[in-house]
Number of protein chains: 2
Amino acid sequence: MEKKYEILKANLAEWTDIGQAISLLNWDQETNMPPGAAQGRAQAQGTLSRIAHEKATSAEYGKLLEELLPWAEGKGRDSEEYAMLREAKRGYDLSVKLPASFVQECSETSSAAMVAWREAKKSSDFPAFKPHLQKVVEQNRRKAQYLGFRETPYDALLDIYEPGMTKATVAKAFAQLRSEIVPVFAEIRARKDAVSNKILTRSTDTDKQFRLTQDILKAMDYDFNHGRQDRSTHPFTTSIGPADIRVTTWTDKKWIPAAIYASIHEGGHALYEQGIDPAYHKTALGGAASLGTHESQSRLWENIVGRSEPFCKWLLPQLKAYFPAVYGKVTEEELYRAVNKSEPSFIRVEADEVSYNLHILLRFEIESGMLEGTLSLDDAPEAWNAKMKEYLGITPKKASDGILQDVHWSMGAIGYFPTYTLGNIMSAQFYEQAKKSVPGMEDGFARGDFKPLLGWLRQHVHRHGSRYRAAELLEKAGCGPLDVKPFAAYIRNKYSKIYGF
Amino acid sequence: MEKKYEILKANLAEWTDIGQAISLLNWDQETNMPPGAAQGRAQAQGTLSRIAHEKATSAEYGKLLEELLPWAEGKGRDSEEYAMLREAKRGYDLSVKLPASFVQECSETSSAAMVAWREAKKSSDFPAFKPHLQKVVEQNRRKAQYLGFRETPYDALLDIYEPGMTKATVAKAFAQLRSEIVPVFAEIRARKDAVSNKILTRSTDTDKQFRLTQDILKAMDYDFNHGRQDRSTHPFTTSIGPADIRVTTWTDKKWIPAAIYASIHEGGHALYEQGIDPAYHKTALGGAASLGTHESQSRLWENIVGRSEPFCKWLLPQLKAYFPAVYGKVTEEELYRAVNKSEPSFIRVEADEVSYNLHILLRFEIESGMLEGTLSLDDAPEAWNAKMKEYLGITPKKASDGILQDVHWSMGAIGYFPTYTLGNIMSAQFYEQAKKSVPGMEDGFARGDFKPLLGWLRQHVHRHGSRYRAAELLEKAGCGPLDVKPFAAYIRNKYSKIYGF
């Protein structure tokens with residue numbers, strides 16, 4: 001059996017290598033590829049994905065897994081071998097449970113839906129997108145049937161992105177979050193002129209912005225020997241093999257936080273990947289525990305660290321050095337308040353850390369309703385707007401500012417949105433625990449020293465890769481089960497001081 | 001059979017896609033890859049190469065070729081189908097005729113030889129490298145046996161890089177070239193102070209150098225919509241799929257021709273690849289006719305065009321615009337003479353267009369002698385130095401300036417060197433024919449108009465890909481068989497004027 005286990009690992013290593021090529025084809029597409037190469041690039045990506053899929057769904061591989069599973073279980077549920085088989089089997093099941101013809105059908109639906117969505121968004125025409133959304137919803141119901149679930153089809157979909165998570169758990173956590181955040185946000189809205197972020201709209205050279213973000217990543221101990229930062233249309237992190245974790249950022253001449261916080265956010269994702277135990281590299285344990293866990297790392301760095309007072313204290317002299325004429329006279333207090341201005345906005349991706357989760361709650365409620373048939377698609381835009389009014393106090397005037405704003409559904413992804421807020425919830429749990437364990441941690445931030453925090457995260461989160469599920473990881477790190485309280489308390493404490501309520 | 005032919009083409013397209021990924025892994029390694037990713041990258045390259053090799057050598061594929069060959073022959077030797085099968089079969093034979101264990105052995109020898117060569121070169125210690133070279137020579141003899149040949153094992157090796165070429169043909173052409181060039185070069189040596197290139201050593205900003213080379217590539221009609229230029233340690237051209245042909249260049253603050261002529265050289269390679277008939281893309285006809293043919297295009301642009309009087313006339317105002325303080329007062333005559341200074345040098349890659357081929361003749365004579373056993377490895381360094389004295393009039397003081405300078409043998413490549421000079425010979429044949437067909441072609445160069453030349457090359461060389469062998473291509477372009485005379489005449493006419501003899 002040990003020999004078969006080695007064969008399994010050799011297979012997984014081979015597929016990681018193919019994945020490395022696919023990741024590089026994608027990365028290059030976003031950063032360097034000449035425009036005329038798009039069609040040929042898509043073909044190459046398709047070919048490599050097909051080759052990887054054929055290998056990862058072969059009957060021979062399925063048989064290998066079946067043989068190894070009892071052996072791994074025999075090693076104990078806490079053994080590395082068990083985790084390896086659990087994750088390998090999970091990947092295999094996700095691939096083979098969906099018939100090839102169904103996958104093809106979904107892919108065609110999604111291609112057409114993406115085109116229709118782009119058009120519909122331009123003209124704010126939800127009825128034009130509705131038939132495509134209808135198809136996506138129906139296919140997701142069938143997908144859930146193929147994958148299997150206990151309580152609701154939503155569970156099956158959620159499990160794709162957040163293994164082990166259920167709708168019931170999400171619903172409970174989100175309800176609690178709503179009851180905590182909506183009142184805080186109402187207080188903020190009542191004091192909307194208390195905070196100004198106008199200093200951040202001052203024009204600054206984008207090349208210098210980029211160099212500043214390189215400095216920030218260095219301070220965060222992002223490892224440039226095993227990664228690099230480039231610019232792209234949308235910021236992202238990609239693993240081109242375990243020793244090459246790349247990030248991208250964007251720059252906006254008149255909105256410097258775009259570059260700074262995109263870099264910190266992607267840097268947070270990258271630190272997770274760079275911190276995974278090398279023993280897990282190129283195995284089924286070499287990824288993250290879940291999308292939510294991944295997001296907990298990016299959000300922890302972006303918001304809890306990057307928008308903290310000591311971080312701003314460290315950041316200000318860097319800003320002054322790059323842009324003496326622009327930021328020379330700005331105070332720490334001004335910078336801290338500016339990067340923490342909270343206000344209602346229609347668009348999720350532009351939302352601040354207080355209102356962001358309200359955007360997600362709304363999407364969770366709407367997409368689960370559509371999937372389960374308790375919300376008709378005809379009523380969805382109205383439901384969207386009503387919830388916006390209830391949670392954020394504003395009503396979108398057009399569908400492009402409302403239900404048509406996100407790409408996820410046209411991509412066929414239902415059950416993905418909650419991972420963002422699960423990430424925020426977990427980020428505060430991890431951070432609270434780190435702060436308890438590492439005395440004086442935040443004082444270091446003001447000197448640009450983030451090593452103690454990173455050390456804690458490495459030890460309790462990063463190194464484990466996907467050895468443990470998210471819930472286990474929280475428990476093992478001493479955070480207990482998923483808990484909204486630390487995040488809610490963090491938000492209330494921080495913003496009541498800033499806005500004075 | 002038409003259906004089987006489509007299967008063949010689908011196979012070839014799939015392998016081109018895998019090749020695209022491999023090319024990108026290589027390109028990225030030279031341009032963007034963080035240093036710590038080297039080991040993982042090598043593994044991914046190895047995995048993808050193995051997957052491609054397994055597919056391209058499968059018994060099923062071999063059977064498909066055997067079935068299709070008689071059918072394609074029935075279409076006539078001039079048919080596209082025949083050419084397709086000829087090239088596909090050639091690739092297949094090159095892969096399957098060498099046993100996997102032998103390929104492995106060669107690869108191990110080469111890895112060790114590369115390491116030993118680098119060390120030996122540093123200390124100019126040929127005896128330290130000799131045992132590795134011995135192994136390489138012996139393995140190349142066996143390789144020739146596996147591949148098969150009529151007259152000499154050298155034929156089998158040459159054929160890998162220059163299909164259809166024989167040592168007899170090379171030897172005859174090279175002997176004639178020697179009798180033409182050695183006396184010309186002696187005349188130049190006798191007037192070594194007649195030409196100065198000192199103006200080219202003036203310090204210039206390397207970013208501006210790079211921008212200048214971008215302008216030059218644009219003027220050459222290199223298609224930036226289907227390619228890009230970057231910087232790398234050594235300049236190269238790579239095809240990341242047929243719609244993405246990338247070049248790289250280098251820059252040297254104190255030697256501006258490095259950037260300019262590397263870009264033009266690689267641009268010449270790239271124009272060939274960009275000009276291949278799209279109908280041949282992702283098939284066995286989508287490459288070049290031979291390495292020599294490829295080199296004929298790079299050399300034609302680099303030397304015959306790029307070092308011509310009208311080109312210098314066009315280049316000078318660009319130089320003045322980028323570097324007014326440095327080149328403001330330089331005349332066309334000064335620039336033209338400077339970029340054409342010819343002088344003996346020990347190192348091939350630094351040689352000018354007159355002496356370059358003498359370096360190649362010498363290597364051809366030495367490597368064929370070693371392979372055929374007429375030259376012992378012990379005598380090789382001495383033979384090298386004697387030929388240097390005879391052809392170039394100088395004697396290397398150390399092996400690193402002599403027999404240890406090139407990487408080719410440690411890579412296991414014997415039979416590769418002649419393709420450089422075959423390229424030079426063909427470049428003059430193609431150019432002479434283009435000039436005859438396109439009246440006033442060179443006058444356009446002075447205005448930065450290279451379209452008529454490119455049009456001729458597209459029509460007679462580029463579009464054909466590997467549909468025709470090099471010799472056929474020459475014939476079809478109206479150049480007759482391989483002929484040294486145009487190149488020899490070009491060199492004699494040009495340099496007798498410059499040096500006054």
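Predicted model: local features only at pLDDT ≥ 70, side-chain atom pairs only at ≥ 80, totals over all residues.
So, what share of the interface residues of chain B are also interface residues in chain A? Keep that one in mind while I go through the rest.

Okay, chain A by itself. We've got 21 helices and 3 strands in there. The radius of gyration comes out at 23 Å, close to the 23 Å that the globule rule gives for 501 residues, so chain A is as compact as a globular protein of that length. If you line up the C-alpha trace with its principal axes, you get a span of about 65 × 50 × 50 Å. Of the 501 residues in chain A, 44% are buried. And if you take contacts in chain A between residues at least 6 apart in sequence, 70% of them join residues at least 24 apart.

On to the contact. Chain A puts in 31 residues, and chain B puts in 31 residues. On the chain B side, α1 (2–31) and α2 (38–56) each supply at least two of the residues touching chain A. That side of chain B splits into 14 nonpolar, 11 polar and 6 charged residues.

Back to my opening question, then. The answer is 100%, so the copies meet through the same surface.

Notes. Residues numbered from 1 in each chain as written. Chains lettered and ligands numbered in written order. Contact = placed C-beta atoms within 7 Å. Helix = DSSP H or I, 4+ residues; strand = E, 2+ residues; numbered from the N terminus. Nonpolar A, V, L, I, M, F, W, Y, C, P; charged D, E, K, R; others polar. Rg over C-alpha atoms; globule rule 2.2 N^0.38 Å. Buried ≥ 20, exposed ≤ 12 C-beta atoms within 10 Å, placed from the backbone.
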